[in-house]
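Here is a short report for a reader new to this structure. Take a look at the sequence and the model, then read on.

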Amino acid sequence: MIRSIFGFIVVGLLVTSCTSSPKEKNQVFEPIKTVVPQRPAGQKDVLQLTAPKLETVRVGFVGLGMRGPGAVERFTHIPGTQVVALCDVLPENVEKCQQILRKAGLPEAAAYSGDTEVFKQLCERDDIDLVYIATDWIHHVPVALYAMEHGKHTAIEVPSATSLEDIWKLIDTSERTRKHCIQLENCCYDFFELTALNMAQQGVFGEVLHVEGAYLHNLDPYWEEYWNNWRMDFNRTHRGDVYPTHGFGPVCQVLNIHRGDQLQTLVAMDTKAVNGPAHILKTTGETVTDFKNGDETTTMIKTKNGATILLEHGVMTPRPYSRMYQVVGTKGYAGKYPVQQFCVLPQQLDRSLLPEKFDERYEVTLTNEAKDKVMEAYRSPILTKELEEIAKAVGGHGGMDFIMDYRLVYCLRNGLPLDMDVYDLAEWCCIGELSAISMDNGYVPVEIPDFTRGGQDKVKGFKYAFAE
């Protein structure tokens, strides 16, 4: 109903603009708004949520297809953890992970398989603290809700939720049960992103005015690896930036979103769908005329404090992999793709980090060895040299997956707030449906809800928690 009504209003505005006065042309019209459900009575937010310390984090893994086995492997290298249970629809996937445990010299875990409801038996166990969810996207939320309702913290692969309805369910359940609900956004732990965040927090870039993020990755060689073809089917039936979080999460941390700044409004556009339908025709012979997702989507966002964000999503076309990570400030810049580099006014860095010769009047661009010196000088407070070496040895997208899991366990064992909360999950995942609303209504502005319901300024700046 809201889409059709707004479409009528837009038509009226276009007609009126032909005859309106210059003053009337400059009027500002409200963006489309979505419903923000009232917080249930007796609930309060989970900003900076803490839970009792866990001497050992006992984990149950649900979803052992593409991402799950890597997570199981990483947990065999993290002290203070115990893999208690393994769950997947396919028993052979469970067995592969049992082999990982055997190879690590660890006891086998309880095994659950056979259907899409068997995860409930895992969640009902009383010897699990954390349910780690790496299923297909549509099963993320049902598993997480059931786990929290049964007293478990939850860690959910990306995107953790694909609709506003499900996002609000996760928020309300986390608030009511007082259980952590974290999105497993590994790109927030990439070495470059960690360094750039630290530099931004120390003022190297000045005031950050613009950031960029993306997921540009040709998935043509991988579509058939997704069980039951679920990922292509999702793109077939959903419009918008359906996978925004890898590029979006790290830049939201730089901008202190819901920690002093707030996502406010977005506008999104897409191309027509070409390669998706072509892939289906080539592999199945089916001619698809109603494929929803364009080959490329672009989303622009404005924050309350006046910063802008550019997001892109493209998984259908041949192009170099990129998360398009960029931070643009009044005094400097960081960019990871296609070349890792920093560009700053020379007075922003210690002289020892600058080239021997440079012009004081202009910015200095640092790449290669100079960039590496800056990354060492601004090493993230969570990234000790020892942890970096272990992470690179264990692996997982170059080590960032291990750092993500290590930090999750560290915070749970020490009773600390997690690096990311359920509101981060909400803000980073909402782009999917909100971008589709913009596209479906002629690419108009859409308001981004305050998922904290009034708590946007309670925490001052993004920060990591440490044990004393």
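Asp419 counts as buried, because its relative accessibility is 4%. Buried means under 20% relative accessible area, exposed means over 50%, and partly exposed lies in between, with a 1.4 Å probe and protein chains only. Asp419 sits in the loop between α14 and α15. Helices are DSSP runs of H or I with at least four residues, strands are runs of E with at least two, and both are numbered from the N terminus.

The model is predicted: local features need pLDDT of at least 70, side-chain atom pairs count only at pLDDT 80 or more, and totals for chains, interfaces and linings use all residues. Residues are numbered from 1 along each chain as its sequence is written, and side-chain values use heavy atoms, with hydrogens and water left out.

The side chain of Asp419 has a polar contact of 2.7 Å with the side chain of Tyr189. Another polar contact, also listed at 2.7 Å, links the side chains of Asp419 and Arg407. A polar contact is a pair of N or O atoms within 3.5 Å; within protein, one must be able to donate a hydrogen and the other to accept it, and residues adjacent in sequence count only if both atoms are side-chain atoms. Leaving aside residues up to four places away in sequence, Asp419 touches Tyr189, Arg259, Arg407, Cys411, Asp424, Phe462 and Tyr464. Contact means heavy atoms within 4.5 Å.

Helix α13 (residues 385-394) packs against helix α14 (residues 400-413) at an angle of about 120°, with their axes 8 Å apart. Therefore α13 is oblique to α14. Axes are lines fitted to C-alpha atoms, for helices over the stretch in contact, and angles run from 0 to 180 degrees between N-to-C directions. Angles under 35 degrees count as roughly parallel, over 145 as roughly antiparallel, 65 to 115 as roughly perpendicular, and the rest as oblique. Leu387, Ile390, Ala391 and Val394 of α13 meet Phe402, Ile403 and Tyr406 of α14. By class, this contact has seven nonpolar, no polar and no charged residues. Ala, Val, Leu, Ile, Met, Phe, Trp, Tyr, Cys and Pro count as nonpolar; Asp, Glu, Lys and Arg count as charged; the others, Gly among them, count as polar.

Helix α10 (residues 245-254) and helix α15 (residues 422-429) pack at about 125°, with their axes 9 Å apart. So α10 is oblique to α15. From α10, the contact uses Thr245, Phe248, Gly249, Cys252 and Gln253; from α15, Glu427, Trp428 and Cys429. By class, there are four nonpolar, three polar and one charged residues.

## Two loop residues

Gln43 lies in the loop between α2 (22-25) and β1 (57-62). Gln43 is buried, because its relative accessible area is 14%. Its side chain makes a polar contact of 3.1 Å with the side chain of Glu175.

Asp220 is in the loop between β7 (208-216) and α9 (230-237). Asp220 counts as partly exposed, because its relative accessibility is 33%. The side chains of Asp220 and His279 make a polar contact (3.1 Å). These two residues are 59 residues apart along the chain, and their C-alpha atoms are separated by 7.9 Å.

## A mostly covered helix

Helix α16 (residues 431-440) is mostly covered, with eight of its ten residues buried. They are Ile431, Gly432, Leu434, Ser435, Ala436, Ile437, Ser438 and Met439. Gly442 follows α16, and its phi is positive, near 80°.
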